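We begin inside a sheet, then turn to aromatic rings and a pocket.

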Amino acid sequence: MNRSPTNQQKRKKIQNIKSFTTSAALCVGILGISIQTVQAEGSRSLYPASSPGTASRANLEWRTEQTGNLITRRTLLKVYAQAGEYILLGSSAVGVTRTVLGVTTTGDIYVYDPGLVKGQIGSETFPNSPSFQCTSQTGKGKITSRTQELAGPKSIDGTGNTNGYTPCYYQAPSTGIYDVVIFGPAGFNASGDGSVTAEIGLTGAGNFDSTQGSGVAAWDVTVRSSTSSTIDSTGRLFSYYLALFTANNGRPVYATVYPVTTDGYRYRTELRGLDPNGFILYGNEVGFFDSDGVSTLYRNVVGTNGNVSNIQGGASLARPQFPTFFNLLDPNALTYINRYDRFGAFQSTGITTAPVAPIVGSASFVGNLSGNNSKVGNGGTFSFNSTVTGAYEIVIKGSGSTDFDPKNPKNRVIRGYMNSSGTQTTTWDGRDNAGNFFPVGKNYQFTIRINAGEYHFPVLDAENNYYGGPTVTLLNAPASYPADLPGFGPTTGFYDDRVYKTKNGTIVHIGATQADIDNNNPLCGVGAPTIRFSNQITGFDTSTNQRAFGQITGGNTNTVCTGSFGDTKGLDQWTFFPSVAANNFLNIVSPDLTISKTHTPTDFVKGGTGTYVITVPNSGGDATNATQVTVTDTLPTGIIPTAASGTGWSCTISGQIVACTRSDVLAAGSSYPNISINVSIDVNIAATSVTNMATVSGGGDGDNTNNTSPPDVANIVTSSSTSNLILVKRITRINNQDYITTVNGRSDVSPDDDQYVASPRDTDDDDTKWPSGYLRGLIHARNVKPGDELEYTIYFLSNGQNNATNVRFCDLVPNNLTFLQTAFNKQTPNDGGLASADQGIVLSIGSNTVFLSNAADSDRGTFYPANDPNTPSFCSSSNINGAVVVNITRNPDLPNLPQATGAGTPTNSYGFVRFRAKVK
């Protein structure tokens with residue numbers, strides 16, 4: 001696809017939403033709003049003055065319960081500050097107390113110096129005491145109105161931004177990432193829900209009193225340079241995940257956040273009215289794991305309750321991974337931010353500020369045979385080079401497929417993760433996505449693509465997404481990059497809401513069947529998206545409402561399939577920045593035994609005899625196995641088999657069934673020696689024609705669709721006037737050495753002998769009507785050199801039911817030879833012709849042999865020099881090096897030889913034409 005840097009950017013969202021109570025729903029939301037002036041970072045960033053009138057507020061949570069047995073429901077904020085800078089802090093819960101069963105707790109804000117908080121994301125551990133506690137500064141840190149929230153903090157000395165709240169503050173002793181915990185009146189170790197008004201305007205008292213419980217309505221973390229400064233250093237505040245709570249459905253959230261991947265791709269994510277109830281907002285490069293616990297699922301997960309636990313099919317959640325900012329980030333912060341891998345383990349510190357464009361090259365496949373060839377069921381190894389780390393995707397277009405859709409059952413997708421750039425390899429088992437082996441075929445295309453900046457937004461238990469959000473926009477595509485996918489732009493994303501099967505073979509959801517998969521049916525629930533899945537190659541535009549699901553309100557039953565579509569599920573939406581695909585092809589080969597048969601004579605005569613000839617070539621791309629090959633021929637009624645043989649074959653006859661076997665290996669492109677079946681035709685046969693087909697099996701044949709020969713049809717006649725002539729060509733002399741060894745068909749030559757040449761006419765050598773020992777000579781000239789003389793003899797046999805008349809012969813002299821015009825000068829007898837003419841041709845019929853002149857005179861032979869315009873038209877191709885022409889039959893008024901070659905085996909039914917030539 002051709003696209004500019006603006007329309008080729010890609011986006012990816014990962015939203016993780018979970019139910020926090022039996023009545024709460026989990027969802028992950030990210031709100032993207034147009035860039036605007038920001039004076040502080042916190043709840044004001046999520047719920048700015050420009051929020052829609054229908055927007056609702058989700059309170060920030062800090063509590064001990066977990067979602068999915070993986071992520072604790074608490075928001076650990078992180079802020080980048082340079083040494084000497086001030087971190088200004090405030091919330092609607094600072095200093096607010098709550099007493100339950102005689103135990104009093106107080107809302108507060110803790111700050112921890114860099115490196116003090118340990119553990120995996122979502123399961124962090126904390127020191128006994130914070131580095132700073134907001135309530136230690138009496139009367140500071142309380143936000144008491146919407147006006148103060150929007151205005152942000154006053155200056156620390158109280159002289160600037162007087163409409164803001166009075167912050168507590170902490171001066172950073174060193175440059176780095178500080179951990180900030182903002183908790184509600186229920187205290188640091190709170191559990192249970194807090195009360196949420198969901199009011200953007202904070203008009204109710206419940207936004208500021210003890211009913212906030214484990215949540216906080218308004219909160220702020222701002223970095224400034226001095227005690228008198230009112231200039232905010234924005235783009236400093238982020239979190240690896242946000243735990244948020246609206247306490248009900250029908251409270252759509254509009255918020256914008258700015259995630260950044262570990263390879264430096266930055267996105268803006270706008271929730272656009274996601275209606276989750278309770279949710280955790282985060283991003284990673286996996287979304288959900290398949291049942292193997294390693295592979296990216298690229299599907300939704302289905303739990304058994306609002307916490308999306310006991311996930312079906314063995315799939316599982318993946319931990320939060322990417323930092324999510326509240327404003328366009330300060331690039332300086334990236335140097336100090338921890339990077340985590342797909343499994344939540346610490347990798348290193350520092351995220352690149354300028355992502356590297358992904359490039360894939362040297363895409364190749366090596367099969368278990370030579371080159372890019374592999375046997376059926378064997379697969380092979382793909383290799384390629386990558387300029388970056390990250391995810392890769394290989395799609396092999398299967399038999400009958402028309403695209404590279406990674407989820408097309410006919411195709412095969414192979415995905416993996418690269419921990420380093422450079423050469424990559426991965427294996428393939430030879431199967432398609434449905435688990436079937438790729439059949440024999442040539443030029444199966446495959447494409448390899450690298451997905452940089454891959455970003456998933458798993459939305460857990462978000463009942464409703466009535467308005468179709470979120471919109472995810474890529475903000476920093478590499479400055480120059482190639483175009484690859486038509487229509488792929490900065491707001492492109494992907495989703496798949498269909499029923500599916502995990503790697504362990506379980507169909508998700510419970511009660512679904514293979515028919516649901518085959519029919520592309522959606523997962524259960526009320527209000528499934530009208531379009532059940534995005535195009536898996538080019539995606540969809542996330543700024544549209546294509547993936548709207550659920551209802552405008554309600555639908556939170558916390559029971560599988562009974563609530564809104566998002567209830568009790570984890571819904572994945574993802575994006576990435578693709579490389580240009582590298583393409584190549586592979587071949588799936590196997591032995592492919594085919595079979596054909598012919599018969600002679602053309603018509604079978606009642607009471608007569610005939611011969612069937614069966615040919616078995618290996619038309620595949622690989623040699624046969626050393627296992628038994630069987631040819632079976634059941635002859636028609638009235639056609640009685642009398643003998644069956646073929647070099648290397650072991651043949652038996654049982655009634656009308658002829659079976660021949662062998663177990664030797666047959667190379668690709670070669671043929672086994674032919675099988676000849678001699679038959680007698682019942683004199684009382686009633687049929688006017690018979691059809692015969694033979695079959696072949698075994699040898700590891702990979703294609704069973706062509707193991708039966710095409711029908712061979714022979715007419716049955718009472719008598720025949722059919723004539724037939726066969727030719728056999730031999731080298732009978734080299735220089736002064738005559739070759740007198742009998743070469744009577746293939747019986748004298750092994751397939752491994754360099755004299756053996758397989759051809760459909762091999763059985764002509766074995767015709768029973770040849771006189772015994774008549775055929776002699778060589779098939780190959782072996783090693784010859786310029787100046788050597790070769791003698792060619794072309795034997796002919798009239799083996800039909802009647803005489804062959806008007807027989808004319810033409811043999812074109814090969815290009816590397818020169819016809820010897822004087823080879824037989826002065827030899828007799830002659831057949832007429834000019835006495836002074838050179839003699840270079842011999843003709844023999846039966847026991848009579850004559851020497852013919854080269855001239856176009858009264859005898860039967862003529863040599864036509866190269867390009868002679870008088871060359872007879874019956875010669876099979878252009879005369880570019882000379883042509884030997886002989887009229888084998890002649891008029892009855894000329895002496896010595898008959899007017900026709902006789903039928904059967906009389907003395908005049910066979911003969912030869914001979915000439916000599918010199919190697920150039």
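Start with strand β3. Leu76, Lys78 and Tyr80 point one way from β3, Leu77, Val79 and Ala81 point the other way, and all are buried. Buried here means under 20% relative accessible area, exposed means over 50%, and partly exposed lies in between, with a 1.4 Å probe and protein chains only. In a regular strand the side chains alternate between the two faces of the sheet. Six of the six residues of β3 (residues 76-81) are buried, so the strand is largely enclosed by the rest of the structure. Strands (E, at least two residues) and helices (H or I, at least four) are DSSP runs, numbered from the N terminus.

A word on the source: this is a predicted model, in which local features need pLDDT of at least 70, side-chain atom pairs count only at pLDDT 80 or more, and totals for chains, interfaces and linings use all residues. Residues are numbered from 1 along each chain as its sequence is written, and side-chain values use heavy atoms, with hydrogens and water left out.

Which strands pair with β3? One is β10 (residues 176-183), antiparallel over six bridges. Ala81 has Gly176 of β10 as its bridge partner. Another is β13 (residues 237-239), antiparallel over three bridges. There, Lys78 stands opposite Phe238. Two strands count as paired if DSSP finds at least two bridges between them.

Val111 has Val180 in β10 as its bridge partner. These strands belong to an open sheet of nine, in the order β8-β7-β10-β3-β13-β21-β15-β16-β32, with antiparallel pairing. β8 (132-133) and β32 (471-474) stand at the edges with a single partner strand each, so one side of each has no neighbour in the sheet.

Next, the rings. Rings of Phe, Tyr and Trp (its six-membered ring) pair if their centres lie within 6.5 Å; planes under 30 degrees apart count as stacked, over 60 as edge-to-face, and the rest as tilted. By this rule there are 46 aromatic pairs. Take Phe238 and Tyr240: their ring centres are 5.8 Å apart and their planes stand at 90°, so this pair is edge-to-face. Both residues are buried. Elsewhere, Trp62, Tyr110, Tyr112, Phe126, Phe183 and Phe188 form one aromatic cluster.

The charged end of Arg498 sits over the ring of Phe533, 3.6 Å from its centre. Arg662 lies over the face of Trp649, 4.8 Å from the ring centre. The rule asks for NZ of Lys or CZ of Arg within 6 Å of the ring centre and within 35 degrees of the ring normal.

Finally, strand β28. Met418 is found in this strand. Met418 is buried, with a relative accessible area of 0%. Met418 and Tyr392 are 26 residues apart in sequence and 7.4 Å apart in space, C-alpha to C-alpha.

β28 also gives the largest share of the lining of the largest pocket, six residues.
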